[in-house]
Amino acid sequence: MSVEPEAEFAGYVLDGRTAVVRPVKVAVRHRGLDVVTEDGVARAWPFTAIRQTQGFRAGDPLRFEHRGAVMETLIVHDRAILHRMTANGGSARAGRRTAGAVVVMGLGGIVALAVALAAVMWGIPAASAILAGWVPSALEDRLGQSVIASLPAQTVCRDPERERVIRGLVERLAAARGVAAPTVVVADIPVINAFALPGRRILVFRGLVDLTDSPEMLTGVLAHELAHIVRRHPMQGVLRREALSFVVSTLSAGTFSGGAAATLTALNYSREMEEEADRDAVAMLKAARIDPIGLARFLERMNTAPANAPASTGIFRYLSSHPPARSRASLVRELAAQPAVPPDKLLVGYGWEEMRELCLPR
Amino acid sequence: MLPVASTAPTHTDSAFRLSFIGRGGTLLGIYLLNMVGIVFTLGVYTFWAKVRVRRYLFGQLEVAEERLEYHGLGGELLRGALKAALVFGLPLAVVRTLPTLIDIGVGGAVVTWILSTLFIALFLPVARVGARRYRLSRTSWRGIRFSFRGHAGPYLRIFLRGWCLTMLTLGIYYPVYAVRSHGYLVAHSTFGTAPFDFDGDGTDLLLDWVYALLLTLPTFGFVWFWFGARRTHYLWAHTTLAGARFEFPVTAGELMRLRLGNAALLLLSLGIAYPWTVVRNARFTCARLSLDGRLDVTAIRAAATEADATGEGILGLLEADLDWA
């Protein structure tokens with residue numbers, strides 16, 4: 001590096017002990033500044049002890065801190081001093097980030113994003129699967145209760161006679177699996193869906209009941225949801241949602257709560273979870289001597305229902321966390337056949353069409 | 001050879017004037033870069049982002065031709081936030097989530113609510129004192145640091161007494177409490193060896209406060225611009241620095257134009273104009289605030305005090321953290 005001729009600049013110094021302004025002359029030397037006060041006393045400020053703290057924008061005075069026993073400050077208005085300092089081995093941008101620091105920050109950011117992505121894709125599901133087993137059942141029960149309580153009172157279908165029929169079906173399944181029977185709540189919502197909730201609760205929408213034409217079809221769906229409960233998938237979903245909310249909120253510095261995105265992922269179990277639940281459901285139905293083909297028929301019917309058809313075609317097939325209903329139905333038929341167990345006919349003599357009146361006003 | 005002192009400030013000590021040189025566009029750029037940094041570091045950069053904003057705002061504020069300087073560091077704020085989370089955030093989170101974890105009944109829920117409210121009520125004044133101590137200790141003018149020498153105990157007493165009397169008097173006492181609380185913070189602040197003082201007690205504002213309460217509906221709330229101007233003028237007129245008194249002449253109309261202008265800017269820009277509202281507020285204050293009277297700057301010596309950022313961290317958990325405060 002070539003050393004430029006010495007140059008002098010006018011400035012003033014704040015000594016850090018008093019509020020008095022002391023005018024000085026500043027000479028830029030090789031590897032340092034010479035600061036000369038009015039009485040002619042010169043002091044050397046090596047570049048290594050100087051840090052620029054202000055004056056990074058045009059028009060702002062340049063401010064340099066000199067670290068010694070007391071922090072002294074030099075203020076210079078002429079920005080040409082920066083060029084002189086650089087030419088004489090000083091850092092004109094002292095105190096600012098160097099290009100290296102920016103690269104490190106950028107790489108750190110990419111690594112942090114990769115870590116966050118890995119946490120969302122694998123870490124959170126794995127951790128929530130472990131933690132779900134530790135959640136006290138009282139807390140799980142309160143969570144499920146709060147979901148049911150959030151439904152408008154008039155939405156919950158009340159029909160003691162038909163509710164007793166459904167309870168009989170789910171108790172038969174639970175007994176076969178050796179677990180306590182969950183509570184089934186039917187909501188007057190014309191959507192084909194059902195959810196397993198924390199706290200051993202199953203929420204079934206009226207649209208789903210309307211789609212069934214036999215007790216075996218509804219029992220197949222209940223078996224699938226009971227399988228989710230046995231594997232504690234609902235609690236895992238809640239934990240996943242909370243963790244994802246935290247990550248989204250952190251990533252966006254609190255701008256987004258992560259609510260919508262997190263809720264979507266919590267309501268949708270992974271494809272693996274759905275397949276596990278289908279396999280468990282078939283085993284449960286066989287153990288209860290109920291025909292698993294009812295579940296297969298339900299899935300086939302759901303696949304052709306207008307509101308659900310697009311979810312299994314085109315891009316939706318890849319976006320959906322559920323495996324396509326058609327392939328799920330094939331899997332259920334395959335599992336039902338190996339080995340086939342002769343089923344009992346459910347609710348002989350009961351007119352299943354009456355079940356569609358479950359939500360009629362009484 | 002250049003003449004010495006050609007760039008040194010040339011003010012007279014009898015009238016300290018303020019000016020704010022900052023620009024909304026530059027501040028917006030800082031906010032945007034901060035946002036990128038925060039996202040890329042999963043939020044950890046928040047503390048350094050806060051420092052960048054403060055450095056810019058303080059560095060653009062000139063008092064008698066000399067700029068203020070902010071010396072805080074992101075690492076200090078991060079350590080303060082971690083300590084705050086440990087001593088305040090964690091216990092509060094436990095008390096708050098207890099009712100959802102175990103069935104403690106309505107009585108238990110009420111008890112935990114009272115406990116968490118008391119916990120916040122105790123920590124809020126402690127946090128305000130701590131935050132003021134930290135912020136002043138990291139602010140300098142002419143190389144001399146500001147400092148705060150008050151303590152949490154007396155401030156807590158003002159806070160608890162103030163809230164009790166405010167509730168008992170159905171809100172009438174509030175301006176007295178607010179002024180005394182402000183007065184304690186001001187009267188225990190210093191600039192080097194030069195002490196700030198506050199000689200108001202708030203009772204002078206009681207009648208104005210009652211007028212404002214009574215006239216809220218008939219004036220559609222516009223009376224609060226009048227009260228705001230009265231209060232701001234009162235607070236500054238009772239503040240002194242080493243005997244020199246501050247002045248802040250402001251009218252209700254001026255305050256209304258500032259506030260409504262800011263609100264319109266924010267609404268029309270969907271919030272993007274926020275940095276410009278910060279600049280407008282700063283220029284508004286600088287254009288009016290002055291220190292009148294003899295202040296012997298040469299007699300002021302450095303007298304820095306130590307402070308950490310725990311109070312600042314607690315305040316960050318409790319209330320909106322203002323860049324300026």
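This is a predicted model: local features need pLDDT of at least 70, side-chain atom pairs count only at pLDDT 80 or more; totals for chains, interfaces and linings use all residues.
View 1. As for labels, residues are numbered from 1 along each chain as its sequence is written, and chains are lettered from A and ligands numbered from 1 in the order in which they are written. Helices (H or I, at least four residues) and strands (E, at least two) are DSSP runs, numbered from the N terminus.

**View 2. The two partners of β6(A).** On one side, β5(A) and β6(A) pair in the antiparallel sense over four bridges; pairing takes at least two bridges found by DSSP between the strands. Q54(A) has R63(A) as its bridge partner in β6(A). R63(A) in turn stands opposite I75(A) in β7(A). Strand β6 (residues 62–66) and strand β7 (residues 72–76) of chain A are also antiparallel, with five bridges, and E65(A) faces T73(A) across that pair. A hairpin through five residues links β6(A) to β7(A).

**View 3. The seven-stranded sheet of chain A.** Zoom out from β6(A) and you get an open, antiparallel sheet with the order β4-β3-β2-β1-β7-β6-β5. Its edges are β4 (42–46) and β5 (50–54) of chain A, each of which pairs on one side only. Neighbouring strands are turned by 35° against each other on average, direction ignored; axes are lines fitted to C-alpha atoms, for helices over the stretch in contact, and angles run from 0 to 180 degrees between N-to-C directions. Helix α1 (residues 80–87) of chain A packs on this sheet, touching β1 (7–14), β2 (21–29), β6 and β7 of chain A, and its direction makes about 40° with that of β2(A). A contact here means two C-beta atoms, placed from the backbone, within 7 Å.

**View 4. The three-stranded sheet of chain A.** This open sheet has mixed pairing and runs β8-β10-β9. β8 (183–187) and β9 (194–197) of chain A are at the edges with a single partner strand each, so one side of each is left without a neighbour in the sheet. From one strand to the next, the twist averages 20°. β9(A) and strand β10 (residues 201–205) of chain A run antiparallel, joined by four bridges, and L197(A) has R201(A) in β10(A) as its bridge partner. Helix α6 (residues 215–230) of chain A packs on the sheet, touching β8, β9 and β10 of chain A, at about 30° to the direction of β9(A).

**View 5. The crossing of α6 and α10 in chain A.** The axes of α6(A) and helix α10 (residues 293–304) of chain A come within 7 Å and cross at roughly 90°. That makes α6(A) roughly perpendicular to α10(A), a label for angles of 65 to 115 degrees (under 35 is roughly parallel, over 145 roughly antiparallel, the rest oblique). On the α6(A) side the contact includes E216(A), T219(A) and H224(A), and on the α10(A) side L295(A) and F298(A) are among the residues.

**View 6. The largest nonpolar core.** A nonpolar core is a set of buried Ala, Val, Leu, Ile, Met, Phe, Trp, Tyr and Cys residues joined through C-beta atoms within 7 Å. The largest one has 50 residues, and L173(A), L222(A), A223(A), L226(A) and L295(A) have the most contacts inside it. α6(A) gives the most to this core, with eight residues. Leaving out residues up to four places away in sequence, L173(A) touches T219(A), L222(A), A223(A), L226(A), M284(A) and A288(A).

**View 7. Helices α5 and α6 of chain B.** The axes of α5 (residues 152–168) and α6 (residues 174–187) of chain B come within 9 Å and cross at roughly 170°. That makes α5(B) roughly antiparallel to α6(B). Residues in the contact include Y155(B) and F159(B) from α5(B), and Y177(B) and R180(B) from α6(B).

Technical notes:
A residue is buried if 20 or more other C-beta atoms lie within 10 Å of its own, exposed if 12 or fewer, and partly exposed in between; C-beta atoms are placed from the backbone.
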